[in-house]
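Colleague: Could you walk me through this model before I set anything up with it?

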Amino acid sequence: SVVTDGGGGGGGAAAEERSLFVVRVVQIAVMCVLALTVVFGIFFLGCNLLIKSEGMINFLAKDRRPSKEVEAVVVGPY
């Protein structure tokens, strides 16, 4: 009787241990997915900002170029 009860209790403990293991695995999987989502979100946001900043730099570089009229005026007196 005592051995049978111990065996039954061991089976219940094994089932409980297995369910805890499954819960841990699910938690780890969810955390990995969330971490990857954050990493890729930061990566794509950074790329988008980089592209926008390059566009702004190109826009400012075009604005800073002297116009052809200024070149004509500068070349004229020489």
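Colleague: Fine, what are the ground rules?

Modeller: This is a predicted model, in which local features need pLDDT of at least 70 and side-chain atom pairs count only at pLDDT 80 or more, while totals for chains, interfaces and linings use all residues. Residues are numbered from 1 along each chain as its sequence is written, and side-chain values use heavy atoms, with hydrogens and water left out.

Colleague: What is the mean pLDDT?

Modeller: The mean pLDDT (the predictor's confidence in each residue, from 0 to 100) is 76, and 64% of the residues reach 70 or more.

Colleague: Which residues does UniProt give as "transmembrane region"?

Modeller: The unreviewed UniProt entry places that feature at residues 28–51, in the numbering used here, with the feature name shortened and with the caveat that annotations may be inferred rather than shown by experiment. In the model, residues 28–51 are 100% helix and 0% strand, and their end C-alpha atoms lie 34 Å apart.

Colleague: Changing topic, how many aromatic pairs are there?

Modeller: There are 2 aromatic pairs, where rings of Phe, Tyr and Trp (its six-membered ring) pair if their centres lie within 6.5 Å, and planes under 30 degrees apart count as stacked, over 60 as edge-to-face and the rest as tilted. Phe40 and Phe44 are stacked, at 6.3 Å centre to centre with 25° between the planes.

Colleague: How are Phe40 and Phe44 placed in helix α1?

Modeller: They are 4 residues apart in helix α1 (residues 2–64), and are therefore separated by about one helical turn. Phe43 and Phe44 form an edge-to-face pair, at 5.4 Å centre to centre and 65° between the planes, and ring pairs link Phe40, Phe43 and Phe44 into a cluster.

Colleague: Is Phe44 buried or exposed?

Modeller: Phe44 is exposed at 52% relative accessible area, whereas Phe43 is partly exposed at 48%, given that buried means under 20%, exposed over 50% and partly exposed in between (1.4 Å probe, protein chains only).

Colleague: Last one, how many disulfides?

Modeller: There are 0 disulfides, a disulfide being a pair of cysteine sulfur atoms within 2.5 Å. Cys32 is partly exposed at 44% relative accessible area, and Cys47 is partly exposed at 29%.

Key:
Helix = DSSP H or I, 4+ residues; strand = E, 2+ residues; numbered from the N terminus.
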